[in-house]
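Let's take a friendly walk through a protein together. Have the sequence and the 3D view open side by side, and turn the view as you read.

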Amino acid sequence: MINFLIQHIWFIPLYGLLGAIFSLPWALGFIRKTGPRPAAYLNILMTLLSFFHGSIIFFNIGNFPSQSVVFPWFSIAELDLSLAIEISPVSSGALELVTIISLLAQIFAMGYMEKDWSLARFFGLMGFFEAALGGIAISDSLLLSYGLLELLTLSTYLLVGFWYAQPLVVTAARDAFLTKRVGDILLLMGIVALSSDGAGLSFSQLKEWAENPSVSGLTATLIGLALIAGPTGKCAQFPLNLWLDEGMEGPNPASIMRNSIVVSAGAYVLIKLEPVFTLSPVASHTLVVIGAISAIGGSLIALAQIDLKRTFSHSTSAYLGLVFIAVGLGHVDIAFLILFCHGVAKALLFMSAGSIILTTSCQNITEMGGIWSKMPSTTLAYMTGSAGIIALLPSGMLITFHRWFNGSLEVSWWLLGILLLVNLINALNFTRVFRTVFLGKTQPKTRRAPEIPWQLAIPMVSLTIITLLAPILPFDYSLWLSPNAPILNNTAMVVSYALPLIIASGLLGCVIGFLIPLRKGFYRPVEKSVRVIQDLLAYDFYLDKIYQFTVVAFVSNLAKFTTWCDRYIIDGVVNLISLVTIFGGNTLKYNTSGQSQFYILTIIVGVVLLMWSILSGQWNNILNYWGSF
């Protein structure tokens, strides 16, 4: 029985798809008498089945060898397009993370969106979301992963634009979709280049191909950069990082998944492509640069946000930036651990944020305060999630950072500096939010803030326990190390100082967060220099303005130029020909006298002119021929 379930691991993503299909009668309005809640129950039931199926595989996969199940799709000449499914501890672990967070997010949504008139449509989209994520988790085919990433982009667009009656929501959904499409196009170009260069399109074949590549250094660099572009957009990395901030316009239960496992899906594909990046130092260094800019920049931007969800979304880009750095350095197991620990803790943070938003009907942290005594469970969840992310407690992230610097991998001081800076800034940000929202005096919008109902409490408490137990969970991702990954280096000088410095950076950030002055209401500082810095961070380093005056302006002017060419050149030539035809026809109609001798004369004149044009060219050739003698 267990062997049967393992061999049919590919059916787990279909549970979510079936739930989405079962929701259609309610989502489309065919069934109205029962209300939309049965659609939610069906989706939760299908997700529960996928969780049980995945759990059985997760706890028994160690007794079975890793294998790949191939589904032939299209084959002609030397082109063989097949869809492969991977059955291994890594894929089953990723699938287990997807199903458990999806299950908890849907239970959370039952309480959060209880009064929403389109509840059935939301749960149908969540099922579609889960199906795409589960497929990416077990995919061993780059082509299949690309198709699933496209479905993920579509579902992100639909969920961000769920409340489509609001103009700001529509704009946010459009921007999120178009931003992701930029990276998707370049990723598709990389896939086509790989297939044309003889590399297989499964991740297993890519790993073997990377050991003995048949491409030049320039080609490997271009392919690597193209493959990086897709995950850069999916993971909200610089310069395609603005969509995640605008994605906060969607419902909070969708934000729970988007900031935990959806962005991790792009990083998951990036990790599997790591052997290809080892072929080009330029590609590896690009990963490190993108990750460093995103990690530091995202952490700084979060400091100036006053929207509760946006204070957390930018830290998502920051920690995914650490994943990019780990992949660029070849530290694949560290990248997996960061994804897992960050995904669980960030889902918990967004659940606590959703609880506060549902209770207070407010997202502006400057209008909050004194919630800790009214919502103790939410306060505990926030403290656990934030401490788990900044490596303050003996949590999974602290164990991950310790492993990164304990001598098992060769690291540098600059990497330690980036990690300490990111940890300090995020600790400062989480402490700032904690003081503003949970401590201090009760504000008008938090005066009546009862604790959340059980539909929200059960998922939040469950994730709190998982976050605390993350350090003792068994994970071994060393099998994913590439052939060029760093080997053991117990003589690294950074070993003696890394762990205390990491803990000290988190504590220092908390201390600074408790000491800095907080402003309520009018949240702009009086000092002009400080105000400039705050605006610079609050408006994302003015990236949207930079895009507006560069990329958007270029595309807009190019569109205007092509429109002018189409209207005045292409259409002008066509209109000129039509005018010549019209005037020529109107002129010739006066020659229809009805007299045969006139028609014969016209024919003779036309033949003479035709023969003259032909013979004149031949006569010049004859003269040139005799002149050569």
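A residue counts as buried when its relative accessible area is under 20%, as exposed when that area is over 50%, and as partly exposed in between. Keep that rule in mind as you look around this model, which is a predicted one.

Is Arg-310 buried or exposed? Its relative accessibility is 15%, so Arg-310 counts as buried. Its partner is Asp-307, and the two form a salt bridge in which the closest N and O atoms are 3.9 Å apart. Asp-307 has a relative accessibility of 16%, so this residue counts as buried too. Elsewhere, salt bridges with shared partners tie Glu-150, Arg-181, Asp-184 and Lys-234 into one network.

How many salt bridges are there? The count comes to 8. One of them joins the side chains of Glu-86 and Lys-272, with 3.2 Å from N to O. This pair links distant parts of the chain, since Glu-86 belongs to strand β2 (residues 79-87) and Lys-272 to helix α12 (residues 252-272), 186 residues apart. Glu-86 is at 9% relative accessibility and therefore counts as buried. Lys-272, at 3%, is buried as well.

Now compare this with the salt bridge between Arg-174 and Asp-175, where the closest N and O atoms are 3.2 Å apart. Arg-174 has a relative accessible area of 45%, so it is partly exposed. Asp-175 is partly exposed as well, because its value is 21%, and the limit for buried is under 20%.

Next, find Ser-141, in the loop between α6 (119-138) and α7 (142-160). Where does its side chain reach? One place is the backbone nitrogen of Leu-144, at 3.2 Å. A polar atom of the Ser-141 side chain also lies 3.4 Å from the backbone nitrogen of Leu-143. Which residues touch Ser-141 once its neighbours within four places in sequence are left aside? They are Ser-82, Leu-83, Ala-84, Leu-201, Ser-202 and Phe-203.

The axes of helix α17 (residues 376-389) and helix α19 (residues 413-437) come within 10 Å and cross at roughly 170 degrees. An angle over 145 degrees counts as roughly antiparallel, and α17 and α19 are therefore roughly antiparallel to each other. Which residues meet where these helices are in contact? From α17 come Thr-379, Tyr-382, Met-383, Ser-386 and Ile-389, while α19 brings Asn-423, Phe-430, Val-433 and Phe-434. Sorted by type, the residues of this contact are 6 nonpolar and 3 polar, with no charged ones.

Our last stop is Val-289, which you will find in helix α14 (residues 281-303). At 47% relative accessibility, Val-289 counts as partly exposed, because a residue must be over 50% to count as exposed. In sequence, Val-289 and Ile-325 are 36 residues apart, and in space their C-alpha atoms are 7.6 Å apart.

Definitions and conventions:
Residues numbered from 1 in each chain as written. Predicted model: local features only at pLDDT ≥ 70, side-chain atom pairs only at ≥ 80, totals over all residues. Heavy atoms only, no water. Helix = DSSP H or I, 4+ residues; strand = E, 2+ residues; numbered from the N terminus. Buried < 20%, exposed > 50% of the residue type's maximum accessible area, 1.4 Å probe, protein only. Axes fitted to C-alpha atoms, helices over the stretch in contact; angles between N-to-C directions. Parallel < 35°, antiparallel > 145°, perpendicular 65-115°, else oblique. Contact = heavy atoms within 4.5 Å. Nonpolar A, V, L, I, M, F, W, Y, C, P; charged D, E, K, R; others polar. Polar contact = N/O pair within 3.5 Å; in protein donor to acceptor, adjacent residues only side chain to side chain. Salt bridge = Lys/Arg side-chain N within 4 Å of Asp/Glu carboxyl O.
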